[in-house]
Amino acid sequence: MYARSASIGLKGMEGYIVQVEVRASIGTDSIIIAGLPDASVKESKERVAAALHALGYSLSGQKIVIHLSPAEQKKNGPMFDLAMAVSTLISLKGLDVHIPDSTAFIGALSLDSRVQPVEGMLPGVLSAKKLGIKKLYMPYDEKLLQLEFREMEIIYVTSLEDVIMHLNGQELIQLLPEVMKKESPVIYNDFNKIAGHSFAKYALK
């Protein structure tokens with residue numbers, strides 16, 4: 001079965017939409033990633049497989065092909081892990097939902113299915129907003145504190161299970177870590193509490 005979800009790729013400080021396409025078929029156990037992935041992206045297949053296994057999903061007897069589009073743009077970093085896992089679940093019929101083109105996923109997966117922040121989160125989030133993404137699933141990054149946008153809903157998740165539950169329409173009792181609830185929200189045009197990323201902050205002023 002074919003499935004697709006969106007993520008954000010970075011070329012320097014500029015972001016672009018990456019369509020994470022997955023097709024699962026009966027065959028020798030394997031995961032193939034196409035679309036000019038670098039070494040860190042190629043390693044995503046191990047993280048995705050381990051995270052799905054941790055939640056009880058089996059990849060046995062499945063040949064899974066993951067294509068990162070646009071094919072001509074080199075992909076780097078583990079930011080696509082979460083989108084890969086979501087598309088893989090849908091292709092395996094482990095998740096029966098429709099993902100709108102305006103929804104995107106960023107974040108790396110740990111072997112126990114936790115979703116973790118990665119380098120380039122702020123440029124990725126700002127690019128998602130600029131590219132017209134309306135809903136973004138991402139891990140909380142304490143370096144960024146809490147980001148809020150009028151035009152884009154950010155859904156903070158701590159694990160792949162959180163994402164599955166939310167996509168299935170279940171309300172998450174606690175989306176945000178306690179430390180976030182104690183902080184005042186950072187409105188989209190106030191970056192005073194964000195350390196570094198001067199070029200990205202300047203671009204949105």
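Q: Which residue in S8 is the bridge partner of Thr103?
A: The bridge partner of Thr103 in S8 is Lys135. This is a predicted model, in which local features need pLDDT of at least 70, side-chain atom pairs count only at pLDDT 80 or more, and totals for chains, interfaces and linings use all residues. Residues are numbered from 1 along each chain as its sequence is written, and side-chain values use heavy atoms, with hydrogens and water left out.

Q: In which sense do S5 and S8 pair?
A: Strand S5 (residues 103-105) and strand S8 (residues 135-138) pair in the parallel sense, over 3 bridges. Strands (E, at least two residues) and helices (H or I, at least four) are DSSP runs numbered from the N terminus, and two strands pair if DSSP finds at least two bridges between them.

Q: And what is the bridge partner of Lys135 in S10?
A: That partner is Glu153. S8 pairs with strand S10 (residues 153-156) in the parallel sense, over 4 bridges.

Q: Turning to helices, at what angle do the axes of H3 and H5 cross?
A: The axes of helix H3 (residues 81-91) and helix H5 (residues 160-167) cross at roughly 50° and come within 11 Å. Axes are lines fitted to C-alpha atoms, for helices over the stretch in contact, and angles run from 0 to 180 degrees between N-to-C directions. H3 and H5 are therefore oblique to each other; angles under 35 degrees count as roughly parallel, over 145 as roughly antiparallel, 65 to 115 as roughly perpendicular and the rest as oblique.

Q: Which residues make that contact?
A: Leu82, Ala85, Val86 and Leu89 of H3 and Leu160, Val163, Ile164 and Leu167 of H5 make the contact, where contact means heavy atoms within 4.5 Å. They divide into 8 nonpolar, no polar and no charged. Ala, Val, Leu, Ile, Met, Phe, Trp, Tyr, Cys and Pro count as nonpolar, Asp, Glu, Lys and Arg as charged, and the others, Gly among them, as polar.

Q: What about H2 and H3, how far apart are their axes?
A: The axes of helix H2 (residues 44-54) and H3 are 10 Å apart, and the helices pack at an angle of about 55°. Ser44, Arg47, Val48 and Leu52 in H2 meet Asp81, Met84, Ala85, Thr88 and Leu89 in H3. By class, this contact has 5 nonpolar, 2 polar and 2 charged residues.

Q: Where is Pro70 found?
A: Pro70 is in the loop between strand S4 (62-69) and H3. A cis peptide bond joins Ser69 and Pro70, with omega about 15°.
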